[in-house]
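Try each task yourself before you read its solution.

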There are 2 protein chains.
Amino acid sequence: MPGGAAWASSSFTYCVGGLNVLNAIAGAYAEKSPVVVISGAPGRKDREKDPLLHHKVKTFETQRRVYDEVTVASTVLLDEQTAASEIIRVVEAAIHHKRPVYIEVPYDIVDKPIPIPALQHSDFSIQHSDEATLAAALEETRTVLACAKQPVILAGVELHRHNLIEPVLKFAESLNIPIAADLLSKSVIAESHPLYLGVYGGAMSSSLPCRDYVESADCVLMLGTFITDMSMGIYTAKLERTRVILATTEQLRIHYHTYEDVQLPDYLAGLQNLAAQNQIENRKSKIENPLPPFPFTHPNPHEEPRPLAHSELTNPLTMASLLHILSLHLDENCCVISDVGDALFGAVGIRTARRAEFIAPAYYLSMGFAVPASIGVSMAAPNLRPVVLVGDGAFQMTGTELSTAVRLGLKPIIIILNNDGFGTMRKIRDGSFNTTSRWNYGKICELIGGGNYVTAETKGQFDGALQSAMGSNTLTVIDARLPRDDMSPQLKNMTLEMAKLRRATT
Amino acid sequence: MPGGAAWASSSFTYCVGGLNVLNAIAGAYAEKSPVVVISGAPGRKDREKDPLLHHKVKTFETQRRVYDEVTVASTVLLDEQTAASEIIRVVEAAIHHKRPVYIEVPYDIVDKPIPIPALQHSDFSIQHSDEATLAAALEETRTVLACAKQPVILAGVELHRHNLIEPVLKFAESLNIPIAADLLSKSVIAESHPLYLGVYGGAMSSSLPCRDYVESADCVLMLGTFITDMSMGIYTAKLERTRVILATTEQLRIHYHTYEDVQLPDYLAGLQNLAAQNQIENRKSKIENPLPPFPFTHPNPHEEPRPLAHSELTNPLTMASLLHILSLHLDENCCVISDVGDALFGAVGIRTARRAEFIAPAYYLSMGFAVPASIGVSMAAPNLRPVVLVGDGAFQMTGTELSTAVRLGLKPIIIILNNDGFGTMRKIRDGSFNTTSRWNYGKICELIGGGNYVTAETKGQFDGALQSAMGSNTLTVIDARLPRDDMSPQLKNMTLEMAKLRRATT
């Protein structure tokens with residue numbers, strides 16, 4: 001899932017701080033991460049004659065107006081009397097929409113006592129579906145499912161954001177319906193779950209069988225799913241509307257029509273009830289166990305990854321082998337954090353052992369996300385060991401944030417996918433703009449005064465480096481030297497398929 | 001002057017790039033630097049059904065709306081027919097207002113031919129003053145100046161932005177009126193000019209005589225000056241309105257009244273004419289040469305800085321001695337670039353030899369400005385050698401941008417004012433938040449694969465380091481180790497005066 005932990009708050013200096021973190025908050029908006037942004041600001045009296053105070057841009061309104069474009073609610077605490085209710089209002093908006101909100105605090109209100117109103121439930125918490133519409137939508141869903149021979153669930157990131165994984169799992173388990181995730185929601189469902197198929201994303205799917213199963217299903221239940229160009233594999237996904245039921249916090253669409261006033265939690269609870277009460281005729285008898293006939297051959301997601309053979313230890317490291325070796329070492333105490341580029345495409349193919357341990361900006365795609373995110377993960381879930389996959393280009397953007405990890409005693413494992421430049425961009429359009437400066441990554445730990453650094457050019461070296469990093473209690477930077485034109489199987493597949501599409505259209 | 005070179009353009013990726021550079025553009029707006037922002041964007045057809053394309057935040061309008069808050073004009077090139085005239089419109093706004101503008105280019109218009117309209121002069125270039133109002137304003141100015149016994153000019157940064165230095169210099173030279181600059185406009189006037197007094201900024205002035213002269217003047221001509229809290233020394237400046245004539249691109253104010261519809265260039269040309277035609281009665285005879293009686297004793301700005309004595313070479317380096325030693329090495333081929341904090345306050349006291357060779361974000365005060373700015377200066381003026389003053393805290397924000405300097409073969413001299421944390425903030429309010437990570441700055445050159453690194457703990461070491469950096473053709477990082485609680489004379493003065501103000505008001 002994207003955007004860091006399920007909840008975050010960020011506080012900073014007026015404008016010079018606030019406008020610098022805008023992109024991170026925009027990413028949280030795009031990917032539905034609730035963040036409470038708290039900004040310092042000039043005092044209330046200072047604003048009266050609109051003087052030029054340092055850090056001011058156009059007017060004292062500028063920063064708030066900018067943040068209005070990337071948040072669902074904002075307030076400037078200009079009045080003690082309303083301050084508390086304003087804070088409640090915007091925080092409730094963050095809870096409801098799972099998106100960022102903005103609170104601006106003039107410095108001269110910071111130490112003032114404010115009256116606290118009796119806490120009321122806001123409008124948000126009492127939103128209900130229209131009962132008749134909900135019943136009609138469930139009835140149509142029941143009919144569609146009863147006729148389906150090969151249904152599948154695409155579990156989206158909203159299930160995680162809105163804490164709706166349980167009803168979907170119960171529904172799927174009652175009826176034995178396989179579940180796929182998408183790029184943004186990978187690991188919303190535990191990847192070891194027997195019904196879990198893998199990541200679906202057109203040509204970017206984690207495996208061919210997973211892709212085939214979803215694309216040949218006669219009913220695709222997209223639950224809490226963002227339909228984005230990325231999650232749909234840049235137009236390579238094949239999900240015709242005649243096969244799709246799409247239920248999100250924003251809409252409920254069955255094939256070509258839409259039901260208004262149906263809340264996602266009510267709809268999912270309804271599905272769970274239908275299944276529990278055996279109201280979906282014969283569903284169970286049709287596919288008693290969908291998995292045995294399911295043609296998993298390459299690779300079988302329910303098989304342990306193949307151990308590394310002794311004979312291949314001295315083979316050069318490639319993206320494919322790096323991802324394979326990584327999957328041998330990951331356990332439920334790890335959280336894989338992918339940056340943008342092949343770090344993300346490749347990560348689609350990694351199997352992780354339990355829910356909520358994969359994080360990537362898989363829709364907003366802002367480079368430089370992963371290293372700072374590893375600090376966020378460490379602070380929010382100290383029991384998780386962050387394992388960062390980051391390209392060399394992205395590492396140069398934010399890699400020195402590791403000095404914060406050193407200062408705070410955190411111990412992420414950073415795997416730099418070092419292919420000497422912006423590798424994924426080279427596949428799209430090559431040119432001198434894909435060149436990065438050449439860093440001696442070995443010096444990063446010396447610069448920031450902490451951590452171990454190791455290079456890996458062969459499979460055996462990478463395996464050893466990872467084993468030693470996992471065993472140690474120290475921040476570790478692994479400089480994985482990859483061939484310049486190497487890429488993950490997922491990116492290779494995407495590149496081939498997009499080339500085919502281009503040929504077909506020209 | 002702030003915000004980098006007089007002209008700049010910046011191009012980037014939609015949202016993930018654009019929102020990341022917003023703060024830099026906001027700083028350019030605040031300090032009146034014209035920048036043409038060019039952003040890539042989704043294609044025109046892609047926008048039709050408002051799909052979720054990667055990098056999109058709220059709507060396809062989001063980025064343009066955000067930029068509207070920090071620019072004077074914006075356009076999205078959606079139509080070939082109007083594209084050229086739209087580009088002309090926004091670029092002319094940048095030229096007129098000397099502030100940033102925004103051009104968004106959907107990727108599917110990039111290769112399209114566009115019709116170029118016959119170039120017309122825009123409305124901006126034909127703005128004129130109301131003649132009668134201009135005459136009245138000049139007549140009142142003439143009267144005020146004729147009565148003045150000790151007039152002074154405060155030359156503001158707009159003189160540089162709007163290319164209006166010449167009429168002001170001619171006017172001042174005709175009438176022998178001394179000229180001070182402010183924090184934002186330091187070196188708008190050549191500091192070696194015989195009429196140049198120094199930097200005025202209340203308690204932050206470059207010298208006590210300069211401050212005394214301005215504050216005891218009976219007519220202060222503030223020409224093209226931003227009146228900000230910073231340039232006024234955080235409320236320590238004493239410039240009563242009864243003594244002030246303020247002429248900027250936005251207003252013309254004499255004492256307590258304002259003249260509308262007077263353009264700054266016309267007013268300054270009028271002043272120059274009045275002086276040239278000897279229309280300001282007796283002015284010359286009153287103060288034939290204002291400089292001899294001018295009580296410059298400490299230090300005399302027209303004297304060369306004192307050379308370093310052999311006996312003090314082993315004394316520990318301090319901010320005051322660092323600034324003194326720096327002034328011994330600067331010549332007209334250098335451009336001093338200050339970051340925020342004592343790098344800026346201290347720099348007020350440095351004498352530079354000619355116009356346009358001091359750059360600092362002296363109003364917007366965004367930390368981390370100086371190292372990237374040195375790359376901008378090198379690209380815009382390859383004949384200038386950037387000399388960067390940057391605190392250790394600010395260096396940690398953007399210092400690795402030096403790898404771009406290495407890649408491009410640039411050779412700035414970077415002086416890290418290393419006092420182990422946010423030193424200026426410690427003086428305002430101390431706490432653990434002023435702690436930075438401890439970097440081994442010596443490793444930065446090894447990390448980025450270029451440049452020399454040297455430490456300096458004594459005056460002699462710093463002098464030697466600077467001499468060797470100036471003599472070499474290599475990027476050099478000087479790690480200037482300063483006592484933790486040391487500060488520049490300017491900051492010390494500010495701190496004392498503000499403490500006095502606080503005592504007086506409590």
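Before we start: the domain bounds used here come from an automatic or database domain assignment. Keep in mind, too, that this is a predicted model.

**Exercise 1.** Find the domains of chain A, then look at how domain 2 of chain A and domain 3 of chain A sit relative to each other.

*Solution.* Step one: chain A splits into domain 1 (8–124), domain 2 (131–286) and domain 3 (312–490). Step two: take the centres over C-alpha atoms, and you get 32 Å between domain 2 of chain A and domain 3 of chain A. Step three: count the residues in the contact, which are 18 from domain 2 of chain A and 15 from domain 3 of chain A. Step four: sort the domain 2 side of chain A by class, and you'll find 9 nonpolar, 7 polar and 2 charged residues.

**Exercise 2.** Which residues of helix α6 (residues 165–175) of chain A are buried?

*Solution.* Use the cut-off first: a buried residue has 20 or more other C-beta atoms within 10 Å of its own. In α6 of chain A, that picks out Pro167(A), Val168(A), Leu169(A), Phe171(A), Ala172(A) and Leu175(A). Now step past the helix: Asn176(A) follows α6(A), and its phi is positive, near 60°.

How values were computed: Residues are numbered from 1 along each chain as its sequence is written. Chains are lettered from A and ligands numbered from 1 in the order in which they are written. This is a predicted model: local features need pLDDT of at least 70, side-chain atom pairs count only at pLDDT 80 or more; totals for chains, interfaces and linings use all residues. Two residues are in contact if their C-beta atoms, placed from the backbone, lie within 7 Å. Ala, Val, Leu, Ile, Met, Phe, Trp, Tyr, Cys and Pro count as nonpolar, Asp, Glu, Lys and Arg as charged, and the others, Gly among them, as polar. A residue is buried if 20 or more other C-beta atoms lie within 10 Å of its own, exposed if 12 or fewer, and partly exposed in between; C-beta atoms are placed from the backbone. Helices (H or I, at least four residues) and strands (E, at least two) are DSSP runs, numbered from the N terminus.
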